[in-house]
Amino acid sequence: MLHGPGGERGESFRCAGCRLDVSLHAPGTAHRNHCPHCLLSLHVDGRVPGDRAARCRGRMPALSVTVREDGEWLIIHQCRSCGELSANRIAGDDHPVSLVRLATRPLGDLATPVRAFALY
C-alpha cells in the first residue's frame with residue numbers, strides 16, 4: 001500500500017507484478033484484491049474478502065476464470081507461497097484484453113485434448 005506522510009492508509013497500492021499504481025476503489029466490488037492490468041493478487045485476505053487477515057502475503061497470479069450462474073466472472077488465483085486457491089470477483093475497470101487472454105488460455109494449451117472443448 002502507498003501511505004500518506006503521517007503513515008495513514010493511502011488511496012492506492014503499487015502492483016507487485018507490473019508496478020502500476022492502482023486505486024483501492026474498484027467499480028463493481030467493495031474490496032480491490034488484484035491489479036486491473038496484469039490481474040496479479042497478493043495473499044492478504046483470510047476467510048472473508050477484505051479482512052486482510054492472511055499472514056502469507058505471497059504473490060497470487062491469475063490461473064483462469066470461471067462464471068457464476070448469474071453470469072458474473074470470477075478470477076481464480078493461486079498463491080505461489082502456500083498454494084491456496086481463491087476466487088475473486090472481477091472489477092469494472094479490469095483490463096478486458098487481460099481477461100479474454102486468461103479465459104482463452106486453455107485453447108492454446110497443446111496438452112489439452114481438443115475433445116475437451118467439444119459440445120455435446
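**Reading the model step by step**

Mentor: From the N terminus on, the elements run β-β-β-β-β-β-β-α. The chain thus named comes to one helix and seven strands, where helices (H or I, at least four residues) and strands (E, at least two) are DSSP runs, numbered from the N terminus. This is a predicted model, in which local features need pLDDT of at least 70 and side-chain atom pairs count only at pLDDT 80 or more, while totals for chains, interfaces and linings use all residues. Residues are numbered from 1 along each chain as its sequence is written, and side-chain values use heavy atoms, with hydrogens and water left out.

Trainee: What share of the residues of the chain counts as buried?

Mentor: Buried means under 20% relative accessible area, exposed over 50%, and partly exposed in between (1.4 Å probe, protein chains only). Of the 120 residues here, 30% count as buried.

Trainee: Which residues make up the largest nonpolar core?

Mentor: In soluble globular proteins, nonpolar side chains tend to be buried together. A nonpolar core is a set of buried Ala, Val, Leu, Ile, Met, Phe, Trp, Tyr and Cys residues joined through side-chain atoms within 4.5 Å. The largest one in this model has seven residues: Phe 13, Cys 15, Ala 16, Val 22, Leu 24, Cys 35 and Leu 40. Apart from that core lies another, of five residues, including Leu 39, Ala 62, Ile 75 and Leu 102.

Trainee: In what sense do strand 5 and strand 6 pair?

Mentor: Two strands pair if DSSP finds at least two bridges between them. Strand 5 (residues 62-67) and strand 6 (residues 73-78) are paired in the antiparallel sense, over five bridges. Ala 62 has His 77 in strand 6 as its bridge partner.

Trainee: Which residues of helix 1 are buried?

Mentor: Helix 1 covers residues 96-104, and its buried residues are Ser 98, Leu 99 and Leu 102. Seen down the helix axis, these buried residues fall within an arc of 100°, so they line one face of helix 1; the arc is that of the directions from the helix axis to the C-beta atoms. Pro 96 and Arg 101, on the other side of helix 1, are exposed. The cover over the buried residues of helix 1 includes strand 5 and strand 6, judged by contact, which means heavy atoms within 4.5 Å.

Trainee: Is Asn 33 buried or exposed?

Mentor: Asn 33 counts as buried because its relative accessibility is 18%. Its place is the loop between strand 2 (21-23) and strand 3 (41-42). A polar contact is a pair of N or O atoms within 3.5 Å; within protein, one must be able to donate a hydrogen and the other to accept it, and residues adjacent in sequence count only if both atoms are side-chain atoms. The side chain of Asn 33 makes such a contact with the side chain of His 34 (2.6 Å), and another polar contact with the side chain of Asn 88 (2.9 Å).

Trainee: Where does Arg 19 lie?

Mentor: Arg 19 lies in the loop between strand 1 (12-14) and strand 2. Although Arg 19 is not a glycine, it has a positive phi of about 70°. At 51% relative accessibility, Arg 19 counts as exposed.
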